[in-house]
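Thanks for coming. I will start with the chain as a whole and then go through two residues.

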Amino acid sequence: MSVFLKHEPCPQCRSRGADKKGNNLGRYSDGSAWCFACHYREPKSGNSSVLFNEIKEVKNVTTSDDLCNDFPRHVVEWLARYDVSVVEALKHGWKYSPKWDQLVFQWTDGEGEVLLTQARNFREGARTKYFNQGSPADVLPIFRRSSGDGIEGSSSEELRGNAAISPRTLVVVEDAVSAARIARQCDAMPCLGSYLPAKKLARLRPFYEFLWCWLDSDKLKESREIAQMAKWLGFSTKIIYTELDPKEYSDKQINDYLRT
């Protein structure tokens, strides 16, 4: 995972941002870079990142001291239901807590400090399915599409034949697994719930032109509210409504819904 640092001139196209005030190349703490104009890319490790800008306050996040990379069978099977392998989960930095029987999604800064976590509970008697900790209003947990996943790297001929979705597109979903699945095809960000404050949307605007809301079927009202706020901030918006969670669908089905 990496942290957005600054904009730079793109060594390939030298083009400037749509607002004519900043350069289109985004530089990240892991040394990677991405040009939103010509799609020039410099390699990075992993395919998810945390973007934050002038964070005034990030609450300390206390993580369990038993977090590990050894996923038990029931967690592996749960991930497999959504076509996510252990290798992909580890690539995103997800951990398992044996003490609490939780799959932990975490986002860190460039120095490894945890800024935000979401834990998926598996233990019997847990009060909630998900538990969030951190300062979600300050952190933008972006899952960035990598050249090794999605349309370009897919084994499906049907996906490979489609033109890539604009890199200026961000799909907003509820949970990390749905975001990881969509990130095989374009950038995605989990709300870690169903609410996205206006100030968070405003901080996304320099990076994205298109913002699509794909929340769960019972959150259509919330999708419309997010889309309306995004329109006021200058995004081109779209609401994707499906009966099931995004993570419930195949890559081909996700691709079809994104392009509808």
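Of the 260 residues in this chain, 51% count as buried. Bear in mind that this is a predicted model. Among contacts with a separation of 6 or more, 61% are between residues 24 or more positions apart.

His74 sits in helix α1, which covers residues 73–81. Leaving out residues up to four places away in sequence, His74 touches Tyr96, Asp101 and Phe122. Take Phe122: it is 48 residues from His74 along the chain, and the two C-alpha atoms are separated by 8.6 Å.

The second residue is Asp101, in the loop between β6 (95–97) and β7 (102–108). Asp101 is buried, yet it has no salt bridge. Which side chain of opposite charge is nearest to Asp101? That is Arg123, 7.4 Å away; a salt bridge requires the nitrogen and the carboxyl oxygen to be within 4 Å. What Asp101 does have is a polar contact of 2.7 Å between its side chain and that of Tyr96. Neighbours within four places in sequence aside, the contacts of Asp101 are His74, Tyr96, Arg120, Asn121, Phe122 and Arg123. Tyr96 and Phe122 are also on the list for His74.

That is what I have; questions are welcome.

Definitions and conventions:
Residues numbered from 1 in each chain as written. Predicted model: local features only at pLDDT ≥ 70, side-chain atom pairs only at ≥ 80, totals over all residues. Heavy atoms only, no water. Buried < 20%, exposed > 50% of the residue type's maximum accessible area, 1.4 Å probe, protein only. Contact = heavy atoms within 4.5 Å. Helix = DSSP H or I, 4+ residues; strand = E, 2+ residues; numbered from the N terminus. Lys, Arg positive; Asp, Glu negative; His and termini not counted. Polar contact = N/O pair within 3.5 Å; in protein donor to acceptor, adjacent residues only side chain to side chain.
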